[in-house]
Amino acid sequence: MFVSESLNINEQGHLTIGGLDTTALAAEFGTPVIVYDWDGVRRNCRRFTESIDRYYGGNGRVLYASKAFCCLASCRLAHEENMGLDVVSGGEIYTALAAGFPADRLYFHGNNKSEQELAYALDAGVGAIVCDNPEELARISRIATETGKTARLFLRIKPGIDAHTHDFIRTGQIDSKFGFALETGEAMKQVKKTLASPGVELVGLHCHIGSQIFDTKPFVEAASVMMGFIADIRDETGYVVPQLDLGGGFGIRYTEKDDPIPLDRYMEPVSDEVRRVAKERSVPVPFILLEPGRSIVGAEAVTLYTVGSVKEIPGVRTYVGIDGGMGDNPRYILYQAGYTVLNAAKAGEPADDVVTVAGKCCESGDLIQENAPIRRVEAGDVLAVLSTGAYCYSMASNYNRIPRPAVVKVEGGQASVIIRRETPEQLIENDV
């Protein structure tokens, strides 16, 4: 029934996360609130690190993709689990460093990094910068030369793989704002330019084909293309690229329609293909990096709301009004993301209603889910939206000047706040 092993139903028929009653958590911390099973998040970290050790013989590293959910607590957890961090802004770098995360395990991504962000990254000593475009290469080279530093670079490559996912989260094809294209010769040109640029060292290649992918074939194809490109670089320049970042994009379960495959079924065929091409083209197997974000945190959290109204329009639909919405979860309004929605106090009872979950923002499109089957709810009930651990709080806004929710972790049977609920006073801190 459930999207994650972090969830269950107790003797009272209430939804639990990490063994704690969600209705009690809503009463203790208020709503809306995002609740993580921190033990479940840690379990997923270990599944990835153990898997990359097994299939690449210890010659690899897992990078937690911070964009999925970034805060001091998530950075500390990644550090504790000996992972790296994929960061995409100066703010994410700052958060990681404030959490005590080692700078040399930070990998700085982004398609339009500012001058200030690049200088900050170089000064902090990040492990690598993932270069996205020719202008950025020139900018990094200049800053590194002026400051007497050497910038360790990955080049982001578009491998031309169709990941069969939503257009907004598909990134590996030629028509993408990210990276250098293989088909046009642009990628090889930039490799040669990087090798000739002062102040920089080419240490790796990077690709990312998309998100929420349930098929192994696109990952295998991407690995084949990227390994072939490493061999082509060696043949044309004599340089052997030592590291390969294969990105992430492993799918999770949001609804019963989603059918993610076990992690090993992603890792094994991809590692087999890496070794096959390496042997065929006589190049060393590179140090492999992976960037799971969503698949570590996504299904291990729920968002709890209080129902404020139930508005039935006969013959049309029933709106269930909640005390949150697109401000804490814009994924439905962005790309019609599917979710499982439960009446937290009657989670074990069969659905007997179909509703549209509507947020409180002054926006007709402020919806969390349409046509959602649910056990009938009334005003005052706690509504739980499952699998909200990724790209919800990290994409949250203050639209309508609504404070962002609190975030709570459940660890070892105890609940604690890891991000405080915003206050109205904080909303005007930067006003002048």
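A residue is called buried under 20% relative accessible area, exposed over 50%, and partly exposed in between (1.4 Å probe, protein chains only). This tour uses those words at several stops.

**Before starting**

The structure is a predicted model, in which local features need pLDDT of at least 70 and side-chain atom pairs count only at pLDDT 80 or more, while totals for chains, interfaces and linings use all residues. Residues are numbered from 1 along each chain as its sequence is written, and side-chain values use heavy atoms, with hydrogens and water left out.

Colour the model by pLDDT, the predictor's confidence in each residue, from 0 to 100. The protein has a mean pLDDT of 94, and 96% of its residues reach 70 or more. Next, select residues 165–172, where pLDDT stays under 50. For this segment the model has 28 contacts beyond four places in sequence, a contact being heavy atoms within 4.5 Å. Where pLDDT is low, the predicted coordinates should not be read in detail.

**Stop 1: salt bridges**

A salt bridge is a side-chain nitrogen of Lys or Arg within 4 Å of a carboxyl oxygen of Asp or Glu. The whole structure contains 26 of them. Helices (H or I, at least four residues) and strands (E, at least two) are DSSP runs, numbered from the N terminus.

Select Asp86 and Lys67, whose side chains form a salt bridge at 3.4 Å, N to O. Asp86 belongs to strand 6 (residues 84–87) and Lys67 to the loop between strand 5 (60–65) and helix 3 (72–80), so the pair ties together parts that are 19 residues apart in sequence. Asp86 is buried, at a relative accessible area of 0%, whereas Lys67 is partly exposed at 31%.

Move to helix 9 (residues 263–281), where Asp272 and Arg275 are three residues apart and thus separated by about one helical turn. Their closest N and O atoms are 3.2 Å apart, in a salt bridge. Asp272 is partly exposed at 41% relative accessibility, and Arg275 is partly exposed at 36%.

Then select Asp352 and Arg375, a salt bridge with closest N and O atoms 3.7 Å apart. This pair links distant parts of the chain, 23 residues apart: Asp352 is in the loop between strand 16 and strand 17 (353–358), and Arg375 is in the loop between strand 18 and strand 19 (382–386). Asp352 is partly exposed, with a relative accessible area of 40%, and Arg375 is partly exposed at 24%.

Finally, select Arg42, Arg46, Glu80, Glu81, Lys409 and Glu411 together: salt bridges that share partners join these residues into one network.

**Stop 2: the second largest pocket**

On a 1 Å grid over the protein atoms alone, a cavity is a set of points where a 1.4 Å probe fits but cannot get out; a pocket is an open set with protein on both sides within 12 Å along at least five of seven lines, and lining residues have an atom within 4 Å of a point. Grid points are joined across faces, edges and corners, and a volume is the space filled by probe spheres set on the points.

The second largest pocket holds about 530 Å³ of space. Select Glu256, Tyr339, Thr340, Val341 and Pro373, the closest to its centre of the 22 lining residues. Strand 16 (341–343) and strand 18 (367–374) each supply at least two lining residues. Strand 18 gives the most, with six.

For lining classes, Ala, Val, Leu, Ile, Met, Phe, Trp, Tyr, Cys and Pro count as nonpolar, Asp, Glu, Lys and Arg as charged, and the others, Gly among them, as polar. This pocket lining has 11 nonpolar, five polar and six charged residues.

**Stop 3: cavities**

The structure has three cavities of 30 Å³ or more. Select Phe219, Leu246, Phe250, Val270 and Leu290, the closest to its centre among 14 lining residues. Helix 8 (217–237) and helix 9 each contribute at least two residues to this lining, which divides into 12 nonpolar, two polar and no charged residues.

**Stop 4: backbone details**

Most residues other than glycine have a negative phi, and most peptide bonds are trans. Select Thr31 and Pro32, which are joined by a cis peptide bond with omega about -5°. Last, select Asn82, which has a positive phi of about 60° although it is not a glycine. Asn82 lies in the loop between helix 3 and strand 6 and is exposed, with a relative accessible area of 57%.
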